[in-house]
Amino acid sequence: MTSLQHNYQTVLSEITQTEAAAHRKPGGTKLVAVSKTFPASDIREVYDAGCRDFGENYIQEWYEKTEELADLPDIVWHVIGDIQSNKTKYVAERADWVHTIGRLKTAQRLSAQRPSEKPPLQVCIEVNIAAEPNKHGVAPEEAVTLVVEVAKLPNIQVRGLMCVAKAGSSDEELRRQFGRMRQLLADLNEAGIAADVLSMGMSADMEIAVECGATHVRVGSAIFGRRDYR
């Protein structure tokens with residue numbers, strides 16, 4: 001077992017232990033390995049350990065990786081970064097999931113550009129849960145309205161909500177942010193949207209996110225190591 005594969009298995013074990021401590025059903029949290037800035041060879045290594053779900057932030061980098069890893073037919077690609085208008089076609093054609101819908105216009109372009117032979121694109125609405133001016137996403141009080149509009153579009157399926165917690169938050173603050181997300185998901189279902197996904201939690205706050213009901217955690221550095229953005 002390589003070091004990356006060991007890291008992946010360790011994170012899986014931590015998720016399982018946290019689910020048990022929180023009295024959650026085992027296996028209710030999917031691990032999305034965030035591979036941005038890391039080479040396709042690292043993705044292949046973690047894939048060989050059993051991972052199938054990979055998250056990417058940068059569209060051009062991700063597109064090149066889809067070419068290099070085209071021989072892995074069951075890999076599941078999650079786009080977890082902001083999507084510029086000139087990149088929606090790439091995403092519509094090759095992604096399985098988009099976690100970062102914050103504007104109706106983006107969803108409309110993805111719906112229009114999704115190939116008819118592909119299954120619906122699975123999407124989450126990104127919520128700026130801590131009202132940070134430098135973050136993408138819709139305000140919490142506007143989330144339900146946006147979801148209702150996006151859910152009307154063909155070729156995509158709204159699955160739930162996504163957030164990035166405020167960096168440096170205390171455990172209490174994290175629980176408050178993630179708890180608000182859980183309430184928003186309940187609000188969606190009350191509005192008639194069959195939503196079942198809460199994409200929240202990363203390497204530093206994964207355990208609290210799982211405790212608070214995350215169905216998808218997006219973990220990068222705990223698996224692949226520290227990033228060099230140069």
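Q60 lies in helix α3. This is a predicted model. A UniProt record (unreviewed entry) places the feature "domain: Alanine racemase N-terminal" at residues 23–226. That span is 36% helix and 20% strand. Its end C-alpha atoms lie 32 Å apart.

**Around Q60**

- Q60 has a relative accessibility of 37%, so Q60 counts as partly exposed.
- Which residues does Q60 contact, leaving aside neighbours within four places in sequence? They are K87 and Y90.
- Q60 and V91 are 31 residues apart in sequence. In space, their C-alpha atoms are 10.0 Å apart.

**Aromatic pairs**

- How many aromatic pairs does a search of the whole structure find? The search finds four.
- One of them joins F54 and W77, with ring centres 6.4 Å apart. The planes meet at 50 degrees, so this pair is tilted.
- F54 sits in strand β2, and W77 sits in strand β3 (residues 76–79). The pair therefore ties together parts that are 23 residues apart in sequence.
- Are F54 and W77 buried or exposed? Both F54 and W77 are buried.
- Another aromatic pair is formed by Y63 and Y90. The distance is 4.6 Å centre to centre, and the angle between the planes is 35 degrees. This pair is tilted too.
- Y63 belongs to helix α3 (residues 59–68), and Y90 belongs to helix α4 (residues 88–94). So this pair ties together parts that are 27 residues apart in sequence.
- Y90 is partly exposed, with a relative accessible area of 29%. Y90 is also one of the residues that Q60 contacts.
- Ring pairs also link F54, W62 and W77 into a cluster.

**The nonpolar core**

- In soluble globular proteins, nonpolar side chains tend to be buried together.
- Here, the largest nonpolar core has 65 residues.
- Helix α7 (residues 171–190) gives the largest share of this core, six residues.
- Which residues have the most contacts inside the core? They are F54, V150 and L161. F54 is also part of the ring cluster with W62 and W77.
- L161 touches several residues beyond four places away in sequence. Among them are C124, I125 and V127. Others include M181, L184, L185 and L188.
- The contacts of L161 also include V147, V197, L198 and S199.

**Strand β1 and its partners**

- Strand β1 runs parallel to strand β8 (residues 216–219), and four bridges join them. Within this pairing, the bridge partner of L31 is V217.
- Strand β1 also pairs with strand β2 (residues 53–56), over two bridges and in the parallel sense. Here V34 stands opposite G55.
- From β1, the chain crosses through helix α2 (residues 40–48) to reach β2. This β-α-β crossover is right-handed.

- K36 is found in the loop between β1 and α2.
- What does the UniProt record (unreviewed entry) annotate at K36? The annotation is "modified residue: N6-(pyridoxal phosphate)lysine".
- Relative accessibility is 14% for K36, so K36 counts as buried. The cut-off for buried is under 20%.
- T37 lies in the loop between β1 and α2. At 29% relative accessibility, T37 counts as partly exposed.

**Positive phi values**

- Most residues other than glycine have a negative phi.
- T37 is not a glycine, although its phi is positive, at about 75 degrees.
- A131 is a residue other than glycine with a positive phi, near 55 degrees.
- Where is A131 found? A131 is in the loop between β5 (121–127) and α6 (143–150).
- The relative accessibility of A131 is 63%, so A131 counts as exposed. The cut-off for exposed is over 50%.

Notes: Residues are numbered from 1 along each chain as its sequence is written. This is a predicted model: local features need pLDDT of at least 70, side-chain atom pairs count only at pLDDT 80 or more; totals for chains, interfaces and linings use all residues. Side-chain values use heavy atoms; hydrogens and water are left out. A nonpolar core is a set of buried Ala, Val, Leu, Ile, Met, Phe, Trp, Tyr and Cys residues joined through side-chain atoms within 4.5 Å. Buried means under 20% relative accessible area, exposed over 50%, partly exposed in between (1.4 Å probe, protein chains only). Contact means heavy atoms within 4.5 Å. Two strands pair if DSSP finds at least two bridges between them. A crossover is right-handed if, with the strands pointing away from the viewer, the path from the first strand over the helix to the second runs clockwise. UniProt positions are given in the numbering used here, feature names are shortened, and annotations may be inferred rather than shown by experiment. Rings of Phe, Tyr and Trp (its six-membered ring) pair if their centres lie within 6.5 Å; planes under 30 degrees apart count as stacked, over 60 as edge-to-face and the rest as tilted.
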